[in-house]
Amino acid sequence: MGTAISLDLADDLPASTLDELAEETFGWLREVDARFSTYRDHSEVCRVDRGELRAADASADLRAVLAACADLWTATDGFFDAYATGRLDPSGYVKGWAAQVASDRLVATGAPNHCVNAGGDVRVRGHDATGQPWRIGVRHPWDATATCLVLTGTDLAVATSGVYERGHHVLDPRRGVPATGLRSVTLAGPDLGTADAYATAAVAMGESGLTWLDHLPSPWQHAVVTEDGHLHHSRALPTLPPS
């Protein structure tokens with residue numbers, strides 16, 4: 001998926017079991033990369049985009065992702081758009097969705113305490129190896145060595161979309177130009193795929209994304225850093241002082 005992915009398994013299980021769980025998790029993520037990559041000519045996404053494969057004939061996973069993207073387009077008033085670049089690219093949902101599915105599978109197989117980190121999109125369950133709630137640092141948008149917030153939780157999905165690594169790469173689908181106004185947007189809630197998409201949509205909205213985020217229902221919480229350096233966040237965001 002073009003990013004680094006890490007897995008922290010915190011359950012006291014035999015080493016062989018942990019190795020097997022890790023291999024199954026990374027096997028799933030490799031499968032997602034092969035199916036959804038926009039860089040692999042023979043991926044399902046590229047074949048659907050070129051018209052070589054009908055979406056109705058694609059895998060159940062791809063059909064589910066396309067259906068979710070359609071729902072998210074409606075929920076974000078069109079600002080989350082898998083066709084914003086002019087071609088099919090559901091990447092703004094797929095990375096978070098894939099990590100969420102990986103986490104759900106770990107819970108189902110008896111590993112309820114873990115952290116899946118897919119390029120900064122993080123799904124935590126249970127507690128870390130010391131028995132404490134997980135701590136999730138949100139990168140400072142101007143200093144790669146610092147955090148601007150630290151979140152904590154035992155069942156939390158956290159996704160951040162920003163312009164500090166790839167520049168203004170998120171398009172405003174209404175104007176067809178890179179969105180500006182927000183330096184980074186972080187969403188925290190119960191589902192990582194949705195959090196990933198919501199963060200992307202808010203960046204695409206520019207400064208009006210602040211108002212949209214404020215109207216999201218509970219349990220969704222957010223943190224935003226604007227281009228002029230102001231930090232805004234939900235009152236109920238589960239934060240700790242940066243360490």
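Trainee: What makes Glu-52 and Arg-50 a salt bridge?

Mentor: A salt bridge needs a side-chain nitrogen of Lys or Arg within 4 Å of a carboxyl oxygen of Asp or Glu. The closest N and O atoms of Glu-52 and Arg-50 are 2.8 Å apart, so the pair meets the definition. This is a predicted model, where local features need pLDDT of at least 70, side-chain atom pairs count only at pLDDT 80 or more, and totals for chains, interfaces and linings use all residues. Residues are numbered from 1 along each chain as its sequence is written, and side-chain values use heavy atoms, leaving out hydrogens and water.

Trainee: Why is Glu-52 called exposed?

Mentor: Exposed means over 50% relative accessible area, buried under 20%, and partly exposed in between (1.4 Å probe, protein chains only). Glu-52 has 52%, so Glu-52 is exposed. Arg-50, at 39%, is therefore partly exposed.

Trainee: Why does Asp-33 count as buried?

Mentor: Its relative accessibility is 15%, so Asp-33 counts as buried. Asp-33 forms a salt bridge with Arg-40, at 2.8 Å from N to O. Arg-40 has 42% and is therefore partly exposed.

Trainee: How many salt bridges does the rule give?

Mentor: The count comes to 12. Glu-31, Arg-35, Glu-44 and Asp-61 are linked in a network of them.

Trainee: Why do strands S1 and S11 stand at the edges?

Mentor: The open sheet has seven strands in the order S1-S2-S3-S6-S9-S10-S11, paired antiparallel. S1 (5-9) and S11 (231-233) each have a single partner strand, so one side of each lacks a neighbour in the sheet. Strands are DSSP E runs of at least two residues, numbered from the N terminus, and two strands pair if DSSP finds at least two bridges between them. Three bridges join S10 to S11, so that pair qualifies.

Conventions
Helix = DSSP H or I, 4+ residues; strand = E, 2+ residues; numbered from the N terminus.
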